[in-house]
Amino acid sequence: MAQLRDIMTSNVVTVYETQTVQEAAALMSQYNIGAIPVINNSRQMVGIVTDRDITLRTTAQGENAQTPVSQVMTAQQIVQGSPDMDVHQASNLMAQQQIRRLPVIESGKIVGMVALGDLAVQNQYANEAEQALQSISTPSAPQE
């Protein structure tokens, strides 16, 4: 049974909670990614910021590009995995929580990231990726 350490991306781009959303967006553009783990000065993960967070919590609200990442990131209930987590468990967790990316944490620090695409490119996990995507892609009503 494969573990997340076998399929995760290890070189994870991170951003400090004090950096600006403009800096986070520039990193997303540079590395062609849609989510960046947010760390504190001790390099512990304190949140995650997505391109959607920046759009909805900064741009749509008329906020400044110099807004600190800490003001727009998701900080509560960060869903995470561990390097020794089974790939099937991770896939089920991603489906249940309706997330496309799973930070992999060890001793409080981010050591990897698993995306749905990582599951999909591994042929033996294609079914898990498909099931997770079906759960994640359930349409929701517009927020009022």
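Helices (H or I, at least four residues) and strands (E, at least two) are DSSP runs here, numbered from the N terminus. With that in hand, H4 is followed by Gln98, whose phi is positive, near 55°.

A word on the basis of this report. Residues are numbered from 1 along each chain as its sequence is written. This is a predicted model, in which local features need pLDDT of at least 70, side-chain atom pairs count only at pLDDT 80 or more, and totals for chains, interfaces and linings use all residues, while side-chain values use heavy atoms, with hydrogens and water left out.

**Confidence**

pLDDT is the predictor's confidence in each residue, from 0 to 100. The chain averages 85, and 83% of the residues score at least 70. Strand E1 (residues 15-16) has the highest confidence, at 97, and helix H6 (residues 126-136) the lowest, at a mean of 56. Where pLDDT is low, the predicted coordinates should not be read in detail.

Buried means under 20% relative accessible area, exposed over 50%, and partly exposed in between (1.4 Å probe, protein chains only). In helix H3 (residues 51-59), the buried residues are Asp53, Ile54 and Thr58. They lie on the same side of H3 because they cover an arc of only 95° around the axis, the arc being that of the directions from the helix axis to the C-beta atoms. Their packing partners are helix H2 (21-31) and E3, with contact meaning heavy atoms within 4.5 Å. Arg52 and Thr59, on the other side of H3, are exposed.

Asp53 counts as buried because its relative accessibility is 9%, whereas Arg57, at 38%, counts as partly exposed. Side chains of opposite charge can pair when their charged atoms come close.

**Helix H4 from start to end**

Helix H4 (residues 87-97) has Val87, Ala90, Ser91, Leu93, Met94 and Ala95 as buried residues. At its start, a side-chain oxygen of Asp86 comes to within 2.7 Å of the backbone nitrogen of His88. This is a polar contact (a pair of N or O atoms within 3.5 Å; within protein, one must be able to donate a hydrogen and the other to accept it, and residues adjacent in sequence count only if both atoms are side-chain atoms).

**Loop residues**

Asn40 is found in the loop between strand E2 (35-39) and strand E3 (45-50). Asn40 is buried, with a relative accessible area of 15%. A polar atom of the Asn40 side chain lies 2.9 Å from the backbone nitrogen of Ser42. Apart from neighbours within four places in sequence, Asn40 is in contact with Tyr16, Glu17 and Val46.
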